[in-house]
Amino acid sequence: ERENDKQKVNPKFADLHETGQWGGLSKWEKYGICVLTLGVIGVAVWLGIQFGGGGGSGGEGGENQNTVVQTRAPTMSPSMTPTLAPTGTGYRLTTGLTMMKEISPSIALPNNPEALKGAKTRSGSTPQMLAAEFILYDDAQKLSVRDPTFLERYALAVFYYANGGCSGDWITRTNWMDPVNATNHCGVAGGDGKWHGVFCNLQGRVTEVKMNGNYVTWKLPKEFVAFTELSTLEVSDNRMVGELPSEAISMPKLFTLLLNNNDFEGVFPFDVVKQGAASLDTLWIQENSQLSGRVPTSFCSLGSITLDCANFLPQPVYVSPDSSETTFVADCKAEPEGISPREYTCNTEVGVPVEKPADAPAPAPRICGTPAAGT
């Protein structure tokens, strides 16, 4: 019977029928069968997609296609760059205030940005509150919190409110905090609108603050830590007071620091300054009768140091009556590196207090802020 069945089968398939092997088919016939099989499977898949709601246009198919687009779009957001993070007003207010609190005394600012509204009309406001209200609500520049100049402008605003700009003590305050049309503190092409004493690089970052001899009062703001590109800070010949916040005078690119002829007090943070401002070259801290400290040999590499002889250790007196070399310079030369400052001045003069010009116009009454207790 099997022999009869075998005779009915195409001879080419006889081996397949007999043994399950396609030995009777040629290589090209086997390839053809495989291709045909794959083609049938591909058609079946395509038909399933078309009539199963995954494609087509118009009618239900078109609606399903739109649904696929809508559900896929949100899944792309996490892979985008951080610039696509929330940018609305609420985000700017809360994030901006958080950033300000990180560089300001903790008690100087509220936790809620809504509490800043109306700060300029309340007598109990701090300079930081007034500055924050200005930056977040009133400033014509409307800087983004992602703009690296955001905190720099806030620091300048704190300086204005806390150190005599608002109260009218400053001798010159050109363009500072114009309440009607606050200009870019760096100015525009040609320098128009630049705030007096503020200098910037081409990227709009503050690189120099020169307010010497301008009757600047109160303490050096710790918010100056925001000036990470600052190379020069000159506030000499003013009426500034208090201890020096180390974070405000140890920025990484600081090269020139002039604090002479003020009323700063306490111990000068030499080690912290040198660690943070590794490029520091010029340091003038003389004529601050209550400022003291010990000058470490790490300052031997500076180009110019001037301080009060009587207030600092090791006592930087001259080696001998007829010598221009101080003991500090001699100590520096004795170090293994043998490096000493190009100019080391041992000051013996008493600073002359800076006076406000007698003909200075009286400022308009306004709230300029009261420093928070302990700040």
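Student: In which strand is Thr207 found?

Tutor: Please keep in mind that this model is predicted. Thr207 belongs to strand β2, which covers residues 206-210.

Student: Is Thr207 buried or exposed?

Tutor: A residue is called buried when its relative accessible area is under 20%. Thr207 has a relative accessibility of 16%, so it counts as buried.

Student: Which residues does Thr207 touch, leaving aside those up to four places away in sequence?

Tutor: A contact requires heavy atoms within 4.5 Å. On that basis, Thr207 touches Phe199, Cys200 and Asn201, and also Glu229, Leu230, Ser231 and Thr232.

Student: In what order do the strands of the open sheet stand?

Tutor: The sheet has seven strands, and their order is β1-β2-β4-β6-β8-β10-β12, with mixed pairing. At its edges are β1 (198-200) and β12 (343-347), each of which pairs on one side only. From one strand to the next, the twist averages 15°.

Student: In which sense do β6 and β8 pair?

Tutor: Strand β6, residues 256-258, pairs with strand β8, residues 282-284, in the parallel sense, and three bridges connect them. Within this pair, Trp284 of β8 is the residue opposite Leu258.

Student: How many bridges join β5 to β7?

Tutor: There are three bridges between β5 (residues 239-243) and β7 (residues 263-267), and the two strands run parallel. Glu243 has Glu265 of β7 opposite to it. Strand β7 is also joined by three bridges to β9 (residues 290-294), again in a parallel arrangement. There, Glu265 faces Gln290 of β9.

Student: Let us turn to the helices. At what angle do the axes of α5 and α6 cross?

Tutor: The axes of α5 (residues 89-103) and α6 (residues 127-138) cross at roughly 155° and come within 11 Å. Angles over 145 degrees count as roughly antiparallel, and α5 is therefore roughly antiparallel to α6. Their crossing is right-handed.

Student: Which residues make the contact between α5 and α6?

Tutor: Helix α5 contributes Arg92, Leu93, Gly96, Leu97 and Met100, while helix α6 contributes Ala132, Ile135, Leu136 and Tyr137. Sorted by class, this contact of α5 with α6 contains seven nonpolar residues, one polar and one charged.

Student: How far apart are the axes of α6 and α7?

Tutor: The axes of α6 and α7 are 8 Å apart, and the packing angle is about 135°. These two helices are therefore oblique to each other. The crossing of α6 and α7 is right-handed.

Student: Which residues of α6 and α7 meet?

Tutor: On the side of α6 are Pro127, Gln128, Leu130, Ala131, Ala132, Phe134, Ile135 and Leu136. On the side of α7 are Phe150, Arg153, Tyr154, Ala157, Val158, Tyr161 and Ala162. The contact of α6 with α7 comprises 13 nonpolar residues, one polar and one charged.

Student: Where does His185 lie?

Tutor: His185 is in the loop between α7 (150-162) and β1.

Student: What does His185 touch, not counting residues up to four places away in sequence?

Tutor: Its contacts are Thr149, Arg153, Leu156, Lys194, Trp195, Val198, Cys200, Gly204 and Val206.

Student: How many residues separate His185 from Thr149 in sequence?

Tutor: They are 36 residues apart in sequence, and their C-alpha atoms are 9.9 Å apart in space.

Notes. Residues are numbered from 1 along each chain as its sequence is written. This is a predicted model: local features need pLDDT of at least 70, side-chain atom pairs count only at pLDDT 80 or more; totals for chains, interfaces and linings use all residues. Side-chain values use heavy atoms; hydrogens and water are left out. Two strands pair if DSSP finds at least two bridges between them. Helices (H or I, at least four residues) and strands (E, at least two) are DSSP runs, numbered from the N terminus. Axes are lines fitted to C-alpha atoms, for helices over the stretch in contact, and angles run from 0 to 180 degrees between N-to-C directions. Buried means under 20% relative accessible area, exposed over 50%, partly exposed in between (1.4 Å probe, protein chains only). Angles under 35 degrees count as roughly parallel, over 145 as roughly antiparallel, 65 to 115 as roughly perpendicular and the rest as oblique. A crossing is left-handed if the near helix is turned anticlockwise from the far one by less than a right angle, and right-handed if clockwise. Ala, Val, Leu, Ile, Met, Phe, Trp, Tyr, Cys and Pro count as nonpolar, Asp, Glu, Lys and Arg as charged, and the others, Gly among them, as polar.
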